[in-house]
Each structure stands twice: as C-alpha cells, then as structure tokens.
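This briefing goes through one structure by topic. Please have the sequence and the 3D view open while reading.

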Amino acid sequence: MQKTKQQGSIEPYDHPAGGWGAVKYVAINLIKEKVAGGNYRTLFKQNQPEGFDCPGCAWPDRQHASTFEFCENGVKAVAAEATTKRVTPDFFAQHTVAELLQQSDYELEQHGRLTDPMVYDATSDKYVPIAWSDAYALIAQHLHRLDNPHQAAFYTSGRAGNEAAFVYQLFVRMFGTNNFPDCSNMCHEATSRGLPATVGIGKGTVLLDDFEHADTLLIFGQNPATNHPRMMGELREASKRGATIVSINPLRERGLERFTDPQSVIEMVTMGSTKIASTFIQPKLGGDFALIKGVAKRTLELDDDAIEQGTERVLDVAFIDEHTAGFAAFAADLRMQDWQELVDESGVSRDDIEKLARIYVAGKRVIATWGMGITQHKHSLQTVQMLSNLMMMRGNIGRDGAGLCPVRGHSNVQGNRTVGIEEKPSQEFLDRLGKVYNFEPPREHGFDVVETIEEMLHGKVKVFIGLGGNFVMATPDTPRTFDAMRSCALTVHVTTKLNRSHLVHGRDALILPTLGRTEIDVQNGVPQGVTVEDSMSMVHISYGMNRPASKSLMSETAIVANIAHATLGSGKVDWLAYAGDYALVRDAMEQVLEGFENYNERIAKPGGFHLRVASREREWQTSTGKANFIAHAIQKDTPIRRAKALYGEKLMTLMTTRSHDQYNTTIYALDDRYRGVFGQRRVVFIHPEDRAMLGFEAGEWVDMATVWNDGIQRRADRFLLVDYDIPRGCIGAYYPETNPLIPLNSTGDVCNTPTSKSVPVLLHRSEERTLAA
Ligand SMILES: Nc1nc2c(c(=O)[nH]1)N[C@H]1C(S)=C(S)[C@@H](COP(=O)(O)OP(=O)(O)OC[C@H]3O[C@@H](n4cnc5c(=O)[nH]c(N)nc54)[C@H](O)[C@@H]3O)O[C@H]1N2
Ligand SMILES: Nc1nc2c(c(=O)[nH]1)N[C@H]1C(S)=C(S)[C@@H](COP(=O)(O)OP(=O)(O)OC[C@H]3O[C@@H](n4cnc5c(=O)[nH]c(N)nc54)[C@H](O)[C@@H]3O)O[C@H]1N2
Ligand SMILES: [Mo]
C-alpha cells in the first residue's frame, strides 16, 4: 500500500491532479502487483488498436493514439487483474466461509485471482473443488427444479464482452425469462430510460471528435480525475484551446481545478499544470433539476429580450420548428415557474444561475456530460430529461461539437444493453430473436436489481447467477440483501477475484473462475477476441495479452455456453460451437441486432466502427417522430422533504460516492488523495457550520441512521467527521460501507435506481471511537 502519508490522516491536497502523483502511484502498483511475468509491456497495449480494451472505464480511446494512454486508475485495474497472487483450492481448504466473512473487502481483494471452480460444502463450511462438468450439471438441476423460469435471476456486471452477453441473454430467454438485473439498474438507468422519450435513444450523441470542436463543456455530477482519467486529456486540450469548462457539483473536485497531464513531457518537467474548469457551481444534492430548469427559464427570458430588442434570437428557432414537439407547453411551464422555488430547491443563488445561463447561451457548441451525481436521485429521470430540454433549446444536439454525453461506468456496460441484457426488452428485439432462433421468447418484463432482491425476500427468486460483479455489496439495504441472497437455493458467480458475494451465498453455491479481459483466450487453438462498446458507441475488438492466471480458467463465453448446453441441450442452438469460435456468435448477432451488418468484417478494422445513434443525425425515433420537450414540476412530496419536516435542519442528505483508490466494491487501497483522505475510508464530509450546529467537534466520530417509514432500523457506525467545502445540509461518505443506509425501496422514478446520492440521515455521536480500516 502507498505510504506517502501517515496512516489515518486528513491533509488537504493542494497540487494539481494527475502528474507525478499519478506516475508514482503507477510505479508502486507495478511493483506491488508484480505484473504477470514482469511483463510491463502489457500496460502499453492497453487501449491500443491491437491490444485489449481497458477494463477500467467506458471512456473511448483515440483511434489515432500512437502512445500509451497513461491512466493511473486504468493501470490499477489492469495490475489488479494481472496480480501473481492466487486463491487456490488450498486457500479454501484453510478457511471456512465464516472466517473469510470476518475479512474486509480490501483484504478479500488482496488474496488474488481465483484458480479453480469451487462448490460450497455445508458440512465443513468450506468451498471445495468441483469439476467444471459437475458445476454445469448442478446449475441445470436447480434450474429444472424450479416451478417456473421466473424463479431464477441472471445478473450482469458490465465487464463481460458482447459475445458472452449475447449468448447469456439468448440462453436465459430460451430458458424462459427476462430476469436480467444488471449494474445499469444502479448506474445510468435514468439516462437509458429518460433519453428515449426526448431524443429517441438512451445513448449519448457525441463522439470524441466533438470534444475537439466544443467551445463549452458542462460537467454535471462527475469526478473524472478519479473515475474517467482519460477524459482529463480531452478536458485539458479543450481548456488549452480556450473552451469554457464548468463543473456542476456539490464538491469542488480537485481534478477539475488543475490537471497535470502525465502524457505531457513539458508539464511534467516544468511541474506545470492546466487549469480545467473556470467556473464551479455547487448545487445541493439533487439540486441539479431546479438549477437546469432555472437555466432553461433564463434562456427563454433572454430570448424574449432578444425579440424585443431585435437582436439575434437566443433559441434555435429553426431547430425547434423542424425537429421538436412540445415546445409551447414546455415554455409555458417555464414561464409559470417561480424563481424563488428554483433557488431554494437548487441551493444555487440567482447570481450563479445567471452566470451559468450566460455561459450556456454564449456557447455556440455545447457538450453536457453527466455521471452518477445526476442519475442516483429520486427525480433523476426528470433531471436527465430537463438537461435534454435545455440542450434542445439551442439546437445543441446532432451537430459538430455539441451534444449529450452520459459518461458510463463499466467498460462494456453499454454494449451489454445493446446486445440484449435488458429486463424490459422491446417487442421488435424479441420478434427478431425469436425468428432467428425459431422460438417464442418470454414477453413479460423481468426483474431489475431492486425487484430481484424483493422477490428473493418473498421467496419467489430462488436461483441467482451472476456474470461478474459483487451483487451483495453493490446493492442497497445490505443486511436485507444478505438475507435475500441467503434464502436462495443456488447462487453462482462467474468471477475473477474473491469478493463478499461469494461468501453470502445460497444453500448450494458455486464460484466459477473466469479469464479477465487482459488474458489470452484460446479456443480450438485459435486466439479469440471479444467485442465491446464504449460510452460513445464505438465498437471494437479486444484481445488479451497475458497468460491466464490458471490453467483451469474458462472464458465467460464458454462458461455461459456450457451452462446453456447443460440446461437446454443443443437441439436448437449449437452452444458449444459458439464457445469454440466467437466469430460464430458475431454472425448470429448480425442477424438479430440492428446496425451489426458485416460485424466480423467491421470489427477487424483498427479502431472498430461507430454504432449508429439516430439522434446524432437528428433522426428522432420517438412516438412523435420529433425530439420531445418534456415539462416537469419540482417534486413536493419526497422522502427527503418528509424527513426534513420531521427533523428540520438536523436532517442531512447523504451522498455515497467513490474514493480515488477503489473500483466500485473493489478496494485497492485506503487513500482518497485528491480529497485529502489517507489510510482510512470511514469518513463523512460535512460543512463546518452544520457540524457545529449539530454540536460536534471537528474530528469526532459519528454513527448514521436513516430516516425511513417502514420501521426497519438502518445504521452505519463509526465515521470520522471531516470539515469540507460542501453545501449546508449535505454530507458525503464512501460506498459500499454506506449501502446499509439505503432503503431498498428508495429508488428513482421509472428507472428504479437506488437513490445512492440522496439518503435522508441523522448523525449521532459514536460510542466506539476506533480507527477502522
Ligand atoms: N477508478 C475508478 N473508476 C471508475 C469507477 C470506480 O469506482 N473507480 N467506477 C466506474 C463506474 S461503474 C461508474 S458508474 C463511474 C462513476 O463515476 P462518477 O459518475 O464520477 O461517480 P461518483 O464518484 O459516484 O460520483 C460522481 C460525482 O458526483 C458528485 N455528486 C454527488 N451528488 C451530486 C448531485 O446531486 N449533483 C451533482 N451535480 N453532483 C453530485 C460527487 O461529488 C462526485 O464528484 O466510474 C467508473 N470508473
Ligand atoms: N451506495 C452506492 N451503491 C452503488 C453505487 C454508488 O455510487 N453508491 N454505484 C452503483 C454503480 S454505478 C454500479 S455500476 C454498481 C457496480 O456493481 P458491480 O458491477 O456488481 O460491482 P463491481 O464492484 O464493479 O464488481 C467487482 C467484481 O467483479 C468481478 N470481476 C472483475 N472483472 C471481471 C471480469 O472480467 N469478469 C467477471 N466475470 N468478473 C469480473 C470481480 O470478482 C470483482 O470483485 O454499484 C452500484 N452501487
Ligand atoms: Mo456504474
């Protein structure tokens, strides 16, 4: 672990993000993880045309990149997969599950790569080895035993390649259900459900090239220096070019202030750095909806002024007339909207709303990007649609240098959805799938993540199969989720490394170890590549370079195909042929999926191809055939408001977020460098005046308790109070430690995403005051 700072210290970070800190970290990681065979060259093949797709995040790659894109957190992800440490059958023989459960998530991660398929043995409370064929047979036996196929749920975390995901959804639908809970349900679902109604497709409309032409970048609810470091390169270039960059975030994230590009020799040698955002707007948690509505209202007013003065219109009238529907009703709603309400709800002053509106209307080519700060609230869907409205007002969709840019998380989460991981599939998709494979796919909607847990608690979902991920730690209401998982007859995890979801298991349980993205995958003597789609709909092929962590590992595609073969037989589909040659899977995808014509040919080209996004070309696949303006009112009856009515200013709204040294539920190390937190994770950021108002001293320890209406006690104990520049009434802490605080039924409208960024909590002085790891 990095030991540049004293264990358990809080020290404000006053350097630019990136730079030598990142390089040092990378060097430390390489040594620590002893990258397989000492082959550091692996790292230089990351995101290269002939290399593998970085499993770190879904930010796209420059096709013409000739040098290694130096990304600290990408290196961490690769190094973590390439570790030489192993979790062998011997390891499991030495530890009962009860013992392993005592270890922290950080410790579990440190044990290394899983080497062999294992099955749970209740008598010894240990995982013991099982032959692959017996594991498949056990799964088939459980699936056959169910009363109906909807008693099984099939989770996906967005790292699987398109081939594995496609075979998975085909198998599950042939088995008879659409129960596809996936990580998107907890992530960008508000985007995926919100955008189709406005612009016709739930994906972003920009390409990397647009970043070269934009003059204004609005970054909503994102911390790219940590979560999408390669995006920093684009922001730095844009800033150097004179583009205006605004960060809209309750926190002034360090990485959006100044950034030193590790790729830039000059910046590195001169200790220079580039200023990134020129303006910081700090709404309160969930205040973006009112803020964006305020900017839209101001844009309309400025257009009124222009009409009156006979100057150039502020609205893109031609775009609105030709391409949109619903503008009149939307504008009428904006005019009726009370200003004070917008200021109160957003937590942003009239002056700052004015500032943002002026920046927005001055921009000729505006890109709006957004992340989890927008999508994990009760009214996230409405916020995404309001942002889309705002962008449409000035025609900022479907032209060069402008557009909507949701920034996704997992490296292939977008691709998984494209190829059919979707609990609410369209009828057209099912029609095509059924026709190509000559079967009648299930038509009823399946369970998403939250519904899956609820159905487990009701005893209605009995088999859980996870293609990657760490379900019990990523999901809300941790103790109830544990109960849900433990009530299952069978839990199965296709996985690379040990995590808590393997230890909180059903009556029968399997751990099936798989190849990672960075590893060579040979089937029938031929190296196989897998295809992925990034946040900007670029599809390309990825080939692993490292020797597999163990001889017993199977690829994800092969595991899924074998489960299908064992369960359904190969009368209708030759599953094992798919496992033996992924090009055959791609041929099948070409027949089922729109836009996948000549798939094998097109992905063979370096850089791959762009999967058409109709809205980018101003073709609107909506019910009206136009881009729709959608009016929304500020919500008056919300859990936060109800809790505030009970507890007044003592009620805090909690956001749960990522530190610099974690990848979702995987904890690499205990620092959050740019926020000045070292050697610990149990901290809560609070405004000093709120801390004083609540009667706490700086450095005191607190417990958090959720205010909810179902009589269930929800607590998370022992957090160190850290004074921070955060709006009054808002606090921040890390996930997954805080997931016990999030009620299962506290979800976003329509998208059903857990409200991870707005949880109503009270703080109590903690009895125990230990430094927790
Ligand atoms: N290194 C690393 N990379 C990752 C991940 C990781 O864990 N580690 N996770 C991957 C995944 S799956 C995802 S989805 C992405 C996540 O990447 P991000 O979208 O950046 O996710 P978070 O870190 O959860 O939070 C983002 C930001 O939202 C701000 N925020 C919180 N609430 C609000 C709000 O109400 N309004 C506004 N405007 N801002 C708010 C927070 O202050 C924080 O800066 O990153 C991906 N990449
Ligand atoms: N409170 C709170 N909760 C959140 C969030 C939040 O901001 N706050 N964010 C949510 C978001 S955005 C997301 S996306 C989810 C993430 O939820 P998940 O995707 O379920 O979680 P991860 O931590 O990314 O999963 C990590 C595990 O995946 C496995 N793995 C890694 N690489 C591979 C691979 O190549 N193949 C396979 N088969 N397995 C692999 C390893 O076993 C590793 O332990 O969490 C959500 N939960
Ligand atoms: Mo995510």
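Which side chain does a polar contact of 2.9 Å join to that of Asn752? The partner is the side chain of Asp448; a polar contact here is a pair of N or O atoms within 3.5 Å, where within protein one must be able to donate a hydrogen and the other to accept it, and residues adjacent in sequence count only if both atoms are side-chain atoms. The model is predicted, so local features need pLDDT of at least 70 and side-chain atom pairs count only at pLDDT 80 or more, while totals for chains, interfaces and linings use all residues. Residues are numbered from 1 along each chain as its sequence is written, chains are lettered from A and ligands numbered from 1 in the order in which they are written, and side-chain values use heavy atoms, with hydrogens and water left out.

- Asn752 sits in the loop between strand E32 (730-734) and strand E33 (759-765); helices (H or I, at least four residues) and strands (E, at least two) are DSSP runs, numbered from the N terminus.
- With a relative accessible area of 17%, Asn752 is buried (buried means under 20%, exposed over 50%, and partly exposed in between, with a 1.4 Å probe and protein chains only).
- A further polar contact, of 2.8 Å, links the Asn752 side chain to that of Thr747.
- Glu649, in the loop between helix H30 (639-647) and E25, is exposed at a relative accessible area of 53%.

**Ligand 1**

- The shell of ligand 1 holds 30 residues, of which Glu253, Asp288, Arg658, Gln662 and Asn664 are the closest; a residue counts if one of its heavy atoms lies within 4 Å.
- Domain 3 (190-406) and domain 4 (639-765) both contribute to this shell, so ligand 1 lies between them; the domain bounds come from an automatic or database domain assignment.
- Helix H11 (224-227), helix H19 (372-375), strand E25 (652-657) and strand E26 (662-663) each supply at least two shell residues.
- A side-chain N or O atom of His377 is 2.9 Å from an oxygen atom of ligand 1, and a backbone N or O atom of Ile248 is 3.0 Å from a nitrogen atom of ligand 1.
- The protein covers 98% of the 920 Å² of accessible area that ligand 1 has on its own (Shrake-Rupley method, 1.4 Å probe).

**Ligand 2**

- Around ligand 2 there are 31 residues, and Tyr155, Ala474, Thr495, Glu556 and Thr665 come nearest.
- Domain 2 (86-175 + 440-604) and domain 4 (639-765) each give at least three residues to the shell around ligand 2.
- Nitrogen atoms of ligand 2 lie 2.7 Å from a backbone N or O atom of Ala474 and 3.0 Å from a polar side-chain atom of Arg159.
- Ligand 2 exposes 940 Å² when taken alone, and the protein buries 97% of that.

**Aromatic rings**

- The whole structure has 21 aromatic pairs; rings of Phe, Tyr and Trp (its six-membered ring) pair if their centres lie within 6.5 Å, and planes under 30 degrees apart count as stacked, over 60 as edge-to-face and the rest as tilted.
- Phe327 and Phe330 form a tilted pair, because their ring centres are 6.4 Å apart and their planes are at 55 degrees.
- Phe327 and Phe330 are both buried and lie three residues apart in helix H16 (residues 327-336), about one turn of the helix.
- One aromatic cluster consists of Phe154, Tyr168, Phe171, Phe175 and Phe180.
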